[in-house]
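Have a look at the model first, then read on.

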Amino acid sequence: MQIWVDADACPKVIKEILYRVADKRKIKLVLVANATMWVPSSPYIETLLVGSGSDVADQEIVQRMTPGELVITADIPLAADVIASGGHALNPRGEFYTEDNIRERLAVRNFMDELRGSGVETGGPAALTQKDRQAFANRLDQFLTQQKRG
């Protein structure tokens, strides 16, 4: 099992949690991005640089991941593709996307896109809080512990 990260939009603090987890648990972590980025030297951490363009990194993740693997992303369409491919999707706030909630999340996302397209200011997501970071770390730990037992 390995962890894939939609790295271009992933908050730095979340990447730092993932770096520590990869080394501690000896799990391969692959950060997929359109631009080069610094990562700590580790046999468990690598970057995969993809071409620029809309959804290129997303497509690469879905193409390379295998069922049961974990993808870290806040991108709802990517999460939907991951779930459809048999993977698990966790966002940086510690919320898992599931078959039960992904359709609703897609509908809300599409509605907000329509609003923005018509000129309505919708604002962006709230800043990541310490509570969000802790929730992410806790859910990641729970998931990896369950996978190890399973």
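Gln-2 touches Ile-27, Lys-28, Val-30, Glu-69 and Leu-70, leaving aside residues up to four places away in sequence; a contact here means heavy atoms within 4.5 Å. Keep in mind that this is a predicted model, where local features need pLDDT of at least 70, side-chain atom pairs count only at pLDDT 80 or more, and totals for chains, interfaces and linings use all residues. Residues are numbered from 1 along each chain as its sequence is written, and side-chain values use heavy atoms, with hydrogens and water left out.

**Gln-2 and its strand**

- Gln-2 sits in strand β1; helices (H or I, at least four residues) and strands (E, at least two) are DSSP runs, numbered from the N terminus.
- With 14% relative accessibility, Gln-2 counts as buried. The cut-offs are under 20% relative accessible area for buried, over 50% for exposed and in between for partly exposed (1.4 Å probe, protein chains only).

**Helix α1**

- Helix α1 covers residues 12-25, and at 1.5 Å a residue its 14 residues should span 20 Å, which agrees with end C-alpha atoms 20 Å apart. The expected span is 1.5 Å times one less than the number of residues.
- The buried residues of α1 are Ile-14, Lys-15, Ile-17, Leu-18, Tyr-19, Val-21 and Ala-22.
- What covers them includes the strands β1 (2-6), β2 (28-33), β3 (45-49) and β4 (70-72), plus α5 (130-149).
- Residues three or four places apart in an α-helix point the same way, because there are 3.6 residues a turn.
- Glu-16 also belongs to helix α1, but it is partly exposed at a relative accessible area of 31%.
- In sequence, Glu-16 and Ala-137 are 121 residues apart, yet C-alpha to C-alpha they are 11 Å apart in space.

- Lys-26 has a positive phi of about 55 degrees, although it is not a glycine.
- Lys-26 is exposed, at a relative accessible area of 56%.

**α1 against α5**

- The two helices pack at an angle of about 30 degrees, with the axes of α1 and α5 11 Å apart. Axes are lines fitted to C-alpha atoms, for helices over the stretch in contact, and angles run from 0 to 180 degrees between N-to-C directions.
- That makes α1 roughly parallel to α5 (angles under 35 degrees count as roughly parallel).
- On the α1 side the contact uses Val-13, Ile-14, Ile-17, Leu-18, Val-21 and Arg-25, and on the α5 side Arg-133, Phe-136, Ala-137, Leu-140, Asp-141, Leu-144 and Thr-145.
- By type, the residues of this α1 and α5 contact divide into nine nonpolar, one polar and three charged. Ala, Val, Leu, Ile, Met, Phe, Trp, Tyr, Cys and Pro count as nonpolar, Asp, Glu, Lys and Arg as charged, and the others, Gly among them, as polar.

**α2 against α3**

- Helix α2 (residues 56-64) and helix α3 (residues 76-84) have axes that come within 10 Å and cross at roughly 10 degrees.
- α2 and α3 are therefore roughly parallel to each other.
- Asp-58, Ile-61 and Val-62 of α2 meet Leu-78, Asp-81 and Val-82 of α3.
- The residues of the α2 and α3 contact split into four nonpolar, no polar and two charged.
- Ile-76 is in helix α3 and counts as buried at 16% relative accessibility.

Notes. Parallel < 35°, antiparallel > 145°, perpendicular 65-115°, else oblique.
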